[in-house]
Amino acid sequence: MKRKPVSLLLLLLFLLSANHRLLAEDGYRLWQRYEQVQDAARLQAYRQALNELVVQGNSPTLTVAQQELQTGLSSLLGQPLAAVKSPTKQNILVAGTPSGSALVKELATAARLKPLGEEGYLLLTTAKDGKQYTVIAANTDIGVLYGSFHFLRLLQTQQDIGKLSLASSPKIKHRVLNHWDNLDRTVERGYSGFSLWDWHRLPGYIDQRYLDYARANASVGINGTVLTNVNANALVLTQDYLKKVAALADAFRPYGLKVYLTARFSAPIEIGGLKTADPLDPQVQAWWKQKADEIYTLIPDFGGFLVKANSEGQPGPQNYGRTHADGANMLADAVAPHKGIVMWRAFVYSEDEPDDRAKQAYNEFKPLDGQFRDNVLVQVKNGAIDFQPREPFHPLFGAMPKTPLMLELQITQEYLGQGTTLAYLSPMYKETLASDTYAKGKGTTVAKVVDGSVDKHRLTGIAGVANIGTDRNWTGHQFGQANWYSFGRLAWDHALSPEAIADEWIKMTFTGEQEFVAPVKNMMMNSHEAVVNYMTPLGLHHIMGWSHHYGPGPWIKDKHRADWTSVYYHRADEKGIGFDRTASGSNAVNQYFPPVAKEFGSLKRCPEKYLLWFHHVDWDHQVNSGRTLWNELCYRYSSGVDSVRQMQKTWDSLEGMVDRERFSHVKQFLAIQEQEAAWWRDACLLYFQTFSKRPIPQDLEKPAHTLDYYMSLDPQFVPGI
Ligand code: GCV
């Protein structure tokens, strides 16, 4: 009788370890789950190579690197890994810098390390005095942390670590998240709960989530975070809030994550008691200098400011007849003595009726090339309108050779189905990065402009508007995590392929079993195109609902600004559809370098994915498939819905291969997505049909409701506004 509870306990333990899928998972652990390696041969090889961990030196960053390696590896190997200061065993993992560790100095050649800079690292297998070493070496402690995460990733994805000789360093210097978080904890365009920053409890309370957030960012090499919304609140620059910001900066520092703030241009008036915020006014300049000094006293490694000025109602230098360069330079001078930077956004468009909104940033910023201080980056969205499901690359890339341009991508899915849509965005990011600007001839890709290699800039940057919030799984949709992850991975190395990134994310987040990885990867790789098809195929853009940007609204018109309506962008009429941006229209194509302008400007040569972005096309125009434009539109919309249904089938077929909680989460979200996809298709086709006056092809599913019904839908309290 006495032995019964023990055997029951053993049985339970056995069941749980034999089938870990019985355990619920909520996604909190992201891609850092460190599940025990399943492949027996690999596990044995890992156990053999990694008998103990040697980390010499004890800075806060090395301490977190050691903790991560020790807990991560113990869990991956299914056995404890001891950490010691000098080797006692035969097969040793060593992590450190040559200046902090005599062992690393002996094992890693300086010649290989030096070119890796401040953040790069070396992973190396080597032998010395009869001992086998696996070495994680870097010039700095943060390089060691990045190398440690890379090493853990190798085991998480079950790679061979037997003969390592791998060097890695980031191609872009500032890899920054932009949080559009308000001080009241709402998040503009945020679909995963509220802001992580619990301002009320700061600086006294450091939530464990802050550390886990920093860890996750470090694991993909993200090294900066702008805590506040670009639609800025000056209050964050007051002493009370700066102390809270300093507490966050202290928590993030060991992980190499610098904090930045958005600077409200009118702050000198709002919190400084001045009468003006004119950037050429000496009192205003002195106010910002003093403010910068105050910030750096509290946060010695403060990154700098991100600014949205004279855009969508934000104040800026133009309020005083000054230029964007005048404004940026004033702030740049204030932070320069502290080595801070200014990221000045080029997302601007005039309050007045524009001839084409797509042309405005270029028209305003290109003439300012060469006028910015050395510590200013001009931050440019991937496309010229606003994070549409698909946009051709922004014509500013390549057009301002004397100014470092920072690429701004959106991770949060404002126009991509928001919180309930599975859209893996890596292919979209890559599409922009790989676009050829032809600025200095063939091969001058956006990636090469941004990484500084084209115009020899040392100051380089990339930003991603964060999709992270208080939801237990961080990103609302389980698969939203993949977009955070892939932003970081591409920011570090834009040469990586979206497939490879998806592959590692799936293995770390779910399981390494090929029967799961292959179909899920396929699903992810097709998901962005599916969304483009059922929302804005063939280059359509900006046809979403009013204000909340959720759901279709191609009929939106007659608002106080023409360029906030849908009809302004699709220009559908009885003849055809699309925005003529060629010489016969707004001539926006002319902002591109000639080879690109020729391609985009030619109805024949324009890539079909951008067709209606650049051309007003007749309904009966024959497209590549041989169909008329109208029929093609119908097929594209329908194929988008079909792709979602295919994703549902794929996911259903994988039941049992992941834990129930995440399986069910994704399944339910896919069902919502299917309804949303059909809603987009039906609403858009019925609306455009009022112009085309052509039937929806017989073999396609017919809309479930009338156009009036779709036009009457008015979802309330959509999150993220
Ligand atoms: C933060 C779009 C969004 C706004 C956002 C703006 C920007 O217009 O809808 O919410 O404001 O872009 O990037 O500044």
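Why are Arg-636 and Glu-632 separated by about one helical turn? They sit four residues apart in helix H21 (residues 629–653), so about one turn lies between them. Helices here are DSSP runs of H or I with at least four residues, strands are E runs of at least two, and both are numbered from the N terminus.

Some ground rules. This is a predicted model, where local features need pLDDT of at least 70 and side-chain atom pairs count only at pLDDT 80 or more, while totals for chains, interfaces and linings use all residues. Residues are numbered from 1 along each chain as its sequence is written, and side-chain values use heavy atoms, with hydrogens and water left out.

Back to the pair. Arg-636 and Glu-632 form a salt bridge, with the closest N and O atoms 2.8 Å apart. A salt bridge is a side-chain nitrogen of Lys or Arg within 4 Å of a carboxyl oxygen of Asp or Glu. Both residues are buried; buried means under 20% relative accessible area, exposed over 50%, and partly exposed in between, with a 1.4 Å probe and protein chains only.

The next bridge joins Asp-652 to Lys-667, again with the closest N and O atoms 2.8 Å apart. Asp-652 is in helix H21 and Lys-667 in helix H22, 15 residues apart. Asp-652 is partly exposed at 35% relative accessibility, and Lys-667 is partly exposed at 38%.

Trp-651 is in contact (heavy atoms within 4.5 Å) with residues including Phe-479, Phe-510 and Lys-667, leaving aside neighbours within four places in sequence.

Finally, the whole structure has 45 salt bridges.
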